[in-house]
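Visitor: I would like to take a close look at one part of this model, the place where two chains meet. Could you walk me through that part slowly?

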Amino acid sequence: MSAFFDAWHYDGKNAVRRKVEVQIIGRQFFLLETEQRHGPFAFSDVEYVTRKDDADVYGLKAADGWRLMLSGPVPSDLSAMLPARRNYGGWVDRLGFGKAAVAFTLASAAAVAIVLLSPQWLAPLIPDSVDEKLGDALVGDFGGRFCSTPAGDAALKKLVASLDANPDDLQVEVAKIDMVNAVALPGGKVILFDGLVKQARSPDEVAGVLAHEIGHVREKHVMQALLRQMGLAVVLGGIDGNSGALVNNMLSMSYSRESEAEADAHSMKALGGANISPIGTASFFDRLSKMDGSANSGTSDNDIAGYMSSHPLSRSRKDAFEKSIVKGKNYKPALTPAEWTELKTMCTQDRNAKSGFGFDFN
Amino acid sequence: MNDDLSHRHSAFRFYGSWLEFARIAFPNLLLTIVTLGIYRFWATTREREYLWSKTEFIDERLEWTGKGIELFVGFVMAFLLIGLPLIVIQLISQGLIFRGEAILAGVITLMMFLLLFYLTGVAYFRALRYRLSRTYWRGIRGGSDDPGLQYGLAYMWKSVVGWLPIFLGVPWSMISLWNDRWNAMSFGPHRFSATAEWKPLMKRYLLFYLVPFLLFMGAVVFGISMAASGGTSDALGSTGIAIGAIFAIIAVLSLYIFLPLAALAYYSKYFRLAVGGLRLHNLEFDFRARAPDWILFFLANMAIVICTLGIGYIFMPYRNWKFFIDHMEAYGEINIDDLTQSETVVAKHGEGLLDAFDVGAI
Ligand SMILES: [Zn+2]
């Protein structure tokens with residue numbers, strides 16, 4: 001069985017263009033020039049290369065630059081042996097454009113949903129030892145900035161114990177940094193900045209903030225956020241820089257709002273359990289929100305901006321704490337006046353602690 | 001068989017149409033969106049297949065044989081080899097700052113920066129190598145056996161030397177690196193030879209370099225003369241201030257107008273000199289676009305993107321390629337029999353590094 005069709009051919013060895021006839025013999029073919037015969041070539045080695053103007057261009061496996069160019073109507077016995085044209089690329093051509101677009105949309109939505117939702121149940125599965133190592137790697141001894149006095153430590157310990165049932169797996173420290181801020185870190189680490197303790201008007205205020213940070217620890221928010229960030233980085237990695245980062249930030253922001261609300265709820269519950277009035281925390285937020293409104297009117301207390309940037313503030317948070325006040329309940333102060341003084345002056349008393357900071361962290 | 005190019009209008013011709021390109025670009029955009037950006041590697045490949053196939057050199061179209069999967073694998077490699085280590089290093093240096101080891105953190109950050117700098121140079125080189133190795137003409141391709149690791153070092157020191165004399169060495173470093181890059185490339189059996197000179201570029205560069213100074217000087221002189229005239233009487237003073245303000249606005253605007261214009265004028269000269277210094281065996285090249293062509297091209301691009309609310313951005317690959325081919329010129333002759341296949345190695349992965357750093361090719 002043999003048949004002939006006109007075609008153009010490059011042998012890939014030099015740039016000479018050859019007018020050839022294709023001679024089909026079973027599953028193989030020859031290319032015939034006037035004085036030369038090329039081949040035999042196996043149809044199974046033929047690959048589709050590209051569409052070049054009016055011609056379909058075919059290549060040959062393992063023959064660099066070998067080309068067979070067919071233009072015009074190709075007879076059916078030849079076209080039946082040739083590989084299919086490529087348009088969009090493998091999967092899309094197999095499924096068809098519409099179906100592929102729908103399939104990709106669903107797959108993308110599923111990937112994003114998994115990345116956003118899975119940290120909530122993945123984070124608790126991560127062993128505490130990993131959490132702890134990560135926390136140690138990040139914080140260490142905080143550059144020697146942790147303050148410590150016997151009486152101050154005791155007051156802090158009492159405060160933590162009143163707010164949490166398992167105070168032993170928490171490591172709460174006061175750092176000699178003049179900023180109104182507090183952070184929860186992996187490994188059950190909570191750091192209160194001395195600036196926050198100093199400006200507090202009562203131990204109840206510190207208790208509310210501390211309980212909020214303990215809430216972050218207990219709800220595994222830090223590990224969740226870390227997993228979510230890594231997942232988003234992978235999933236959105238394909239999108240170009242700016243828009244990817246924007247989407248990423250918006251998604252993580254909405255989750256950080258949710259985490260803040262959860263931590264607040266945890267804080268109110270802990271305060272209730274410890275018989276500490278939430279009014280102190282409410283007034284702390286009230287002061288912050290007033291700063292929020294008139295931040296530019298020449299107040300020297302710039303430190304407050306630190307807390308606001310990491311904890312998006314709104315009047316509703318203050319209202320929530322106010323609402324959680326139970327009328328007639330016999331609240332008692334979080335610390336005795338003596339303990340409170342010790343805690344407040346702990347960093348001033350501890351002369352070994354280094355002061356200052358070189359970072360901004362939330 | 002010899003082709004004498006001297007009688008032809010131009011050896012390069014582009015036959016594409018933007019309507020045809022739109023039929024590729026819009027489905028590409030849709031698929032890229034629904035795959036969260038992953039399809040863009042296949043999208044780029046389809047666009048290049050089209051643009052190359054619509055480009056004629058002498059009497060035969062070009063072929064793009066790159067594959068989407070190559071670009072994708074390159075991107076994944078860049079992410080694993082550079083992206084992930086960067087994230088880890090950033091975490092480590094943040095931890096070091098926490099521990100008060102700011103100097104060590106600074107050293108690590110500096111090393112990270114140097115590594116990125118080096119890899120950017122390698123990426124430029126490999127992008128050019130990849131493109132040449134995937135471009136076929138008459139069954140013959142280009143390429144390079146140089147992996148570009150040396151070029152990465154040259155890129156670092158030549159860039160720094162270019163910046164050191166208050167950025168006056170930039171034209172030298174740009175031209176010198178262009179020559180380095182192209183001298184390592186080949187097409188078929190022939191090595192490219194790049195001998196562009198940098199000295200003719202200095203005048204244009206100084207124009208660009210001096211624009212901010214001239215504008216500043218002009219503003220100062222004008223301000224002084226205004227102040228002097230304004231001082232004579234109160235009535236004149238207020239108009240003087242008003243006119244001064246208007247001129248200040250004009251000065252700021254012209255900084256945004258004259259500076260880009262001067263930059264384009266410089267770049268057009270750079271590209272003309274760089275391409276003009278290029279030879280391939282008996283072929284010489286020329287790029288005929290002059291500064292006004294570049295400025296019109298740039299303004300038209302801006303107008304298209306703005307008037308289409310950004311959608312026109314997807315036509316930029318088409319516009320860039322058309323501009324490039326329309327102004328390319330080649331002289332000399334090619335011996336088709338001697339143009340044998342390139343023996344350079346073919347790298348399996350695409351412009352991964354380049355893609356990660358988002359730099360242009362030529
Ligand atoms: Zn919080």
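**Where chain A meets chain B**

Guide: Across the interface of chain A and chain B, the rule finds six salt bridges in this predicted model. One of these pairs joins E60(B) to K52(A), with the closest N and O atoms 3.7 Å apart, a distance that falls within the 4 Å cut-off for a salt bridge. Polar contacts can be counted as well, and between chain A and chain B there are 13 residue pairs of this kind, both residues being at pLDDT 80 or more.

On the side of chain A that touches chain B, the elements giving two or more residues are strand 5 (46-52), strand 7 (63-71), helix 3 (97-122), helix 4 (128-139) and helix 8 (221-235) of chain A. The largest share of that side comes from helix 3 of chain A, which gives six residues.

Turning to the extent of the interface, 45 residues of chain A are in contact with 39 residues of chain B. The size of an interface is often given as the accessible area lost when the parts come together. Between chain A and chain B, the buried area is about 3800 Å², and carbon and sulfur atoms give 56% of this area. Of the area that chain A buries against chain B, 15% is supplied by A15(A), K52(A) and Y88(A), more than by any other three residues.

Key. Residues are numbered from 1 along each chain as its sequence is written. Chains are lettered from A and ligands numbered from 1 in the order in which they are written. This is a predicted model: local features need pLDDT of at least 70, side-chain atom pairs count only at pLDDT 80 or more; totals for chains, interfaces and linings use all residues. Side-chain values use heavy atoms; hydrogens and water are left out. Contact means heavy atoms within 4.5 Å. Buried area is the accessible area (1.4 Å probe) that two parts lose on being put together, summed over both. A salt bridge is a side-chain nitrogen of Lys or Arg within 4 Å of a carboxyl oxygen of Asp or Glu. A polar contact is a pair of N or O atoms within 3.5 Å; within protein, one must be able to donate a hydrogen and the other to accept it, and residues adjacent in sequence count only if both atoms are side-chain atoms. Helices (H or I, at least four residues) and strands (E, at least two) are DSSP runs, numbered from the N terminus.
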